[in-house]
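The exercises below are to be worked with the sequence and the model in view. Each task is followed by a solution in steps.

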Amino acid sequence: MRRLEPDHMVLWLVTREPLQATLSLYQGDERQTEIECAEMTQSVQVGEHAYIHLINYRPESELPVNEWLGYDLHCTVDSETKNLGELLPHLLYDGESRPGFVLKTKIDQILHGSCRKPHYDSDDALLRVDEVLSESQHNVAKRPALLMMSGDQIYADDVAGPTLSAIHQVIKLLGLAPEIIEGATVSNSEQLYQSQYCYYQREELLPHTEANQELKDRFFGGARKPIFTADTAHNHLITLSEVIAMYLLVWSPQLWSFIRLGISDVDNKYTDLYLDEQKQVENFAAGLDKVQRALAHLPVYMIFDDHDVTDDWNLTRGWEEAAYGHPFSRRILGNALIGYWLCQGWGNAPEKFPEQWNKQLENSDTLDTNPQRKDLVTQILEFESWSYSLPTSPKLVVLDTRTKRWWSESSMAKPSGLMDWEALSELQQELMGEPSVILVSPAPIFGMKLIETVQRIFTFFGQSLMVDAENWMAHEGSANVILNIFRHPKTPQNFVILSGDVHYSFAYDIKIRFRKNSPDIWQVTCSGFKNEFPHKLLRLFDRLNRWLYGSRSPLNWFTKRRRMQIRSRIPQGHPEQRVYNRSALGKVLLNDQGEPEQISILPVDGGEVVFPHRGKGRNR
């Protein structure tokens with residue numbers, strides 16, 4: 001279930017044959033609506049046996065708010081009509097005969113998080129979403145309004161060997177489309193899949209001509225984690241079919257029953273790594289039935305961060321010029337973004353996306369030679385409408401911090417601003433007159449000062465790629481404008497900022513210094529769903545940050561946020577910490593004014609960690 005409003009309901013699904021179905025809506029056991037899906041569905045065929053559908057239903061009268069509603073799809077499969085309970089019995093909670101949901105226009109509870117890497121050594125925090133929904137089955141008040149995924153829903157640049165093997169089996173099983181590859185040492189997708197370098201050695205497939213050596217030097221020089229050559233990027237996704245197969249494998253359990261994770265295609269020197277990753281991948285796949293059930297029962301919204309496309313995506317002007325100036329890297333980035341559109345962005349705001357894109361992809365048999373394909377890559381790389389908002393209370397505004405960057409004027413190697421002046425001006429206009437807002441920024445606007453200082457030092461020496469200098473304060477222009485938005489008298493009185501990206505969780509209370517009528521700002525970060533920061537290193541950073549940037553430290557006056565009073569919340573039960581480092585699901589409870597009544601996270605191993613309000617005091 002994707003976008004949900006009183007006059008708008010969006011469902012996303014993938015089938016192995018053209019969709020023949022009717023959509024039914026229920027209040028209690030009484031059917032209110034039955035309509036043919038063909039009248040409201042856009043479909044894209046991406047393989048011989050793979051169709052992506054977006055059911056975009058606009059009811060004649062508004063859907064009721066704060067009531068239990070049910071929906072069903074009656075699908076014709078092999079000349080028989082079956083509903084969702086018959087096709088996918090695991091989709092239903094105990095006592096259900098069909099999936100159910102609650103439409104809320106006032107956001108009183110929001111679940112959120114980011115960074116879900118299938119082979120990371122932890123359980124999947126999306127399983128906690130299923131737990132929350134199961135516990136609230138008979139209580140509308142306890143039902144979350146929505147789930148917000150704030151980036152890195154997949155890791156296109158960090159793929160386990162077993163996952164890549166599963167991806168290639170899915171490509172064969174569904175007949176996902178082949179592809180010509182320009183500018184590489186393999187000329188098409190079949191050569192890529194059969195190459196000795198296909199697993200754990202994809203950096204060897206980069207072009208090796210003298211003309212391209214300058215590109216490699218500019219693109220990869222001095223960077224610890226550049227595209228294709230990182231320690232974690234040896235299985236970087238390349239083709240569109242690989243990207244689509246990845247999405248199908250991380251959202252749904254269906255295809256995993258056809259997967260056999262052998263090691264026949266892997267060089268012997270990678271066997272131990274493969275087998276270690278296989279344990280985590282199999283554990284991840286085992287929970288997908290509950291993940292799919294959760295995603296079918298509440299509206300889900302998403303926005304990309306870098307790993308949905310590639311690490312350090314658009315970090316610097318130099319990175320952009322190198323990446324988009326070569327046909328091979330340009331195609332890889334375009335394929336990842338096409339996959340994002342089809343599997344994430346489309347459901348956020350369907351009206352934003354040109355229908356011509358569907359037609360440019362709909363004929364899978366000619367996808368590899370169709371000249372429209374190259375045009376689509378160009379169009380999607382130039383597309384600037386990835387951000388969106390919801391007319392809820394509070395208004396929810398989701399930021400695109402990746403494709404409309406503010407380039408550094410002094411150096412090609414310095415980090416770009418996360419949003420350019422024009423995008424920030426549009427944001428300010430969207431916020432005008434709103435009493436409260438939930439602002440979704442994949443990277444925290446207010447992050448850990450010590451880590452930002454370290455990134456600033458490395459940037460000074462031209463090594464911004466080495467330390468992932470992806471923070472709002474790294475660029476003078478974007479930092480000043482976003483802080484001025486908070487200080488503007490006509491922007492909201494209450495800002496709740498939801499973020500991810502950093503692989504740990506924290507909460508700050510923020511005020512503007514020396515102003516009687518300062519807005520209330522809360523920075524709430526939960527990261528990741530299935531990823532964590534190196535534990536020993538984060539403990540050190542957390543301790544040093546408290547020592548160096550305590551309430552009375554003069555170092556605070558050398559930061560761009562010196563006019564902001566920032567007070568960190570202490571995770572309950574952990575008095576020596578200001579951050580919490582565990583894969584988790586974030587949860588925020590809001591009152592009628594859009595203020596957080598409770599900020600907490602639900603760790604993968606159970607329980608709930610609350611970040612309680614500390615009352616009045618000085619910043620830390």
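**Exercise 1.** Are helix 13 and helix 15 roughly parallel or roughly antiparallel to each other?

*Solution.* The structure is a predicted model, in which local features need pLDDT of at least 70, side-chain atom pairs count only at pLDDT 80 or more, and totals for chains, interfaces and linings use all residues. Residues are numbered from 1 along each chain as its sequence is written, and side-chain values use heavy atoms, with hydrogens and water left out. Helices (H or I, at least four residues) and strands (E, at least two) are DSSP runs, numbered from the N terminus. Begin with the axes, which are lines fitted to C-alpha atoms, for helices over the stretch in contact, with angles from 0 to 180 degrees between N-to-C directions. Those of helix 13 and helix 15 come within 10 Å and cross at roughly 5°. Angles under 35 degrees count as roughly parallel and over 145 as roughly antiparallel, and helix 13 and helix 15 are therefore roughly parallel to each other. Next, list the contact (heavy atoms within 4.5 Å): Trp421, Leu424, Leu427, Gln428 and Leu431 of helix 13 meet Ser478, Val481, Ile482 and Ile485 of helix 15.

**Exercise 2.** Describe the sheet that contains strand 13 and strand 19, and identify its edges.

*Solution.* Two strands pair if DSSP finds at least two bridges between them. Seven strands form an open sheet of mixed pairing, ordered 13-14-15-16-18-17-19. Strand 13 (388–390) and strand 19 (564–568) each have a single partner strand, so one side of each is left without a neighbour in the sheet. From one strand to the next the twist averages 20°. Within this order, strand 17 (residues 506–512) and strand 18 (residues 520–525) pair in the antiparallel sense over five bridges, and alanine 507 has valine 524 of strand 18 as its bridge partner.

**Exercise 3.** Why is strand 10 described as largely enclosed by the rest of the structure, and which strands pair with it?

*Solution.* Buried means under 20% relative accessible area, exposed over 50%, and partly exposed in between (1.4 Å probe, protein chains only). Five of the five residues of strand 10 (residues 109–113) are buried, so the strand is largely enclosed by the rest of the structure. Gln109, Leu111 and Gly113 point one way, while Ile110 and His112 point the other way. Strand 10 pairs with strand 20 (residues 584–590) in the antiparallel sense over four bridges, where leucine 111 stands opposite lysine 587. Strand 10 also pairs with strand 11 (residues 146–149), in the parallel sense over four bridges, and isoleucine 110 has leucine 146 as its bridge partner there.

Technical notes
Parallel < 35°, antiparallel > 145°, perpendicular 65-115°, else oblique.
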